[in-house]
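Take a look at the fold below.

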Amino acid sequence: MPHLLLVDDDEDILSLLTTFFRKHGHTVSVAEDGEAMLAALEQNTIDLIVLDVMLQHEDGFSLCRRLRATSSMPIIMLTAVADHTDRVVGLEVGADDYLTKPFDQRELLARVKAVLRRTAASNAAPKMDATRPVLCFAGWRLDVVRRELRSADDTLVLLSGAEFDLLLAFAEHPRRVLTREQLIDIARGSTHIAFDRSIDVQVSRLRNKLEQDPKNPSLIRTVRNAGYMFLPEVTRG
């Protein structure tokens with residue numbers, strides 16, 4: 001039974017969503033602010049966080065950024081602002097998906113199930129494939145089983161689930177032009193709900209973590225009017 005943590009300072013929304021998700025077979029914990037969220041994470045094993053942007057004291061963007069510094073836990077963000085910029089910012093700070101209020105509860109449920117399904121599949125599938133445990137490129141080591149990225153000096157670089165899936169898609173298809181649609185299908189599955197800039201945002205986040213000069217990338221090249229190409233040679237460790 002998946003355990004969700006709902007973070008929102010609107011008591012009516014918390015009550016409504018708690019009843020709804022429990023009815024559909026989920027365990028639910030709630031928090032009204034960042035402090036309560038961190039306390040809930042210490043006390044429970046949480047599978048996914050539904051995080052509202054407009055919170056008192058510390059907003060959802062800041063909390064998401066803090067979580068991403070130490071964890072790859074799936075996060076779906078909610079906002080009352082129907083602003084494309086907010087949606088991009090949510091993905092830039094590491095959210096796995098984003099939904100604007102007001103929303104249909106069934107759509108949120110579908111997105112929660114999709115993110116949990118992708119997370120479970122990505123955690124389980126590599127363990128059944130002993131032929132690709134580690135992919136090596138340009139001094140980096142991508143451990144498929146542990147879902148870890150390590151630098152040449154063995155420093156662990158934290159990736160969100162979406163970032164890891166995208167980097168794995170690149171590393172498994174080096175020196176090929178991949179369109180945004182192909183990357184979504186390979187990395188996230190054809191059922192993923194995405195918008196045009198979601199891949200661009202994730203590529204930008206990867207460049208900031210991989211490239212010496214993200215503004216002049218040497219690993220992930222933008223191919224104008226086509227998509228992206230992963231340039232380094234990839235070997236299997």
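**A helix pair, a serine and the chain**

Helix 2 crosses helix 3 in a right-handed sense. The model is predicted. Helix 2 supplies Gly34, Met37, Leu38 and Leu41 to the contact. Helix 3 supplies Leu63, Arg66 and Leu67. By residue class, this contact of helix 2 with helix 3 holds five nonpolar residues, one polar and one charged.

Now the geometry. Helix 2 covers residues 34-43, and helix 3 covers residues 60-68. The two pack at an angle of about 30°, and their axes lie 11 Å apart. Angles under 35 degrees count as roughly parallel, so helix 2 is roughly parallel to helix 3.

Next, a single residue. Ser29 sits in strand 2, which spans residues 27-31. Is Ser29 buried or exposed? Its relative accessibility is 16%. The cut-off for buried is under 20%, so Ser29 counts as buried. The Ser29 side chain has a polar partner: it makes a polar contact with the side chain of His3 at 2.7 Å. Leaving out residues up to four places away in sequence, Ser29 touches His3, Leu4, Leu5, Leu6 and Asn44.

Finally, the whole chain. The protein chain has eight helices and 13 strands. Of its 237 residues, 48% are buried. Consider the contacts between residues at least 6 apart in sequence: 59% of them join residues at least 24 apart.

Conventions. Residues numbered from 1 in each chain as written. Predicted model: local features only at pLDDT ≥ 70, side-chain atom pairs only at ≥ 80, totals over all residues. Heavy atoms only, no water. Axes fitted to C-alpha atoms, helices over the stretch in contact; angles between N-to-C directions. Helix = DSSP H or I, 4+ residues; strand = E, 2+ residues; numbered from the N terminus. Parallel < 35°, antiparallel > 145°, perpendicular 65-115°, else oblique. Left-handed = near helix turned anticlockwise from the far one by under 90°. Contact = heavy atoms within 4.5 Å. Nonpolar A, V, L, I, M, F, W, Y, C, P; charged D, E, K, R; others polar. Buried < 20%, exposed > 50% of the residue type's maximum accessible area, 1.4 Å probe, protein only. Polar contact = N/O pair within 3.5 Å; in protein donor to acceptor, adjacent residues only side chain to side chain.
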